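Biologist: Before we discuss this protein, could you show me the sequence and the structure together, please?

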Amino acid sequence: MTDKNKTNNTMVSKENTKFEGRFLHPKHWPLLLAATVLWFTSLLPNNIQNILGRALGRLVAKIVPKRLKTAQQNLALSFPDKSTAEITALAKENFEYTGLAVIDTANAWFWPDWRIKQNMVIEGQEHIDQAKADGNGMLILGSHFLSLEISARIFGLLRPAYAIYRPNKNPLMEYLQCRGRTLSNKALINRRDIKGMLRVLDEGEPLWYAPDHDYGPRRSVFVPFFAVEKACTITGTTLFASGKNTKTYPASSCRLPDGRYKLTIRAPLENFPTGNQVEDATICNKECEKSILEQVPQYMWLHRRFKTRPEGEPSLYK
């Protein structure tokens, strides 16, 4: 990837993502080794991958107990009616899926199209087909499920899309993530390139967007997320969904017990956006909740979802 691509707010496509000789420098060998291990892992049968991924997740929980505690706190805050034992069990299962997410990323970045197609289950493809027929921009309202990487790859096989991403400072990691994420999609858009995102939607293209994390107080409002009444939620959805040619489609993904992946695209939201940022953010969180409740252990609970608090309120994390 050229320096121009790394520093400008341009779109990164498969065509301008190239392996460079400098990636062979010894300082990059650890990452090259890790990428090679991921590639070998992607070759394994699904049942072996499942065993390895779950074992990796249990190991990670022991190595970084702080993250496990964060997951437990998030789950306890979101589901106060659940017992301590239930929360503990959910958090442990969540970390098994976190280990599997590494496997899922390997599959997303290295599987050929035929193996993706062999292992994908689609629900709601009619909405994708209808949007394409109508020429509508598709704002895919996603959430941070642990199978996010491969769900985007699957969507791209149905209809190549654009996705928002944060450039990586390590040039080799930047190459790997851009190459992997554009295998079946059109391009990645720097998260700061708002005009680029709006242009894509205006042109009737799909844009994958996940507003469910806590991105800080800037351009955010405090609205409910599960049992937390004041969860910091970004308001960008109102802007992106406001295009005259854009409809918003909630999406979710999960890993099935047999190792296949399910991608669900729901019908476009009606009367959305409302024009009221607080109401729109509330609707988005409700849609995210609806998706999470279908597979609670497979959501990215290790992120400090409630770290930003209204001024003067104490932290929810101990």
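Modeller: This is a predicted model, in which local features need pLDDT of at least 70 and side-chain atom pairs count only at pLDDT 80 or more, while totals for chains, interfaces and linings use all residues. Residues are numbered from 1 along each chain as its sequence is written, and side-chain values use heavy atoms, with hydrogens and water left out.

Biologist: What makes the radius of gyration agree with a compact globule?

Modeller: The rule, applied to C-alpha atoms, is 2.2 Å times the number of residues to the power 0.38; for 318 residues a compact globule would be near 20 Å, and the protein has 19 Å, which therefore agrees.

Biologist: How many of the residues count as buried?

Modeller: Buried means under 20% relative accessible area, exposed over 50% and partly exposed in between, with a 1.4 Å probe and protein chains only; by that cut-off, 51% of the 318 residues are buried.

Biologist: What is called the largest nonpolar core here, and which residues have the most contacts inside it?

Modeller: A nonpolar core is a set of buried Ala, Val, Leu, Ile, Met, Phe, Trp, Tyr and Cys residues joined through side-chain atoms within 4.5 Å. The largest such set has 29 residues, and M138, I140, F155, W208 and I265 have the most contacts inside it. A second, separate core of 22 residues includes A71, F79, L90 and Y317.

Biologist: Which residues are in contact with I140, leaving aside its neighbours within four places in sequence?

Modeller: Contact means heavy atoms within 4.5 Å, and I140 is in contact with F155, L207, W208, Y209, Y249 and A251. Across the protein, among contacts between residues at least 6 apart in sequence, 75% join residues at least 24 apart.
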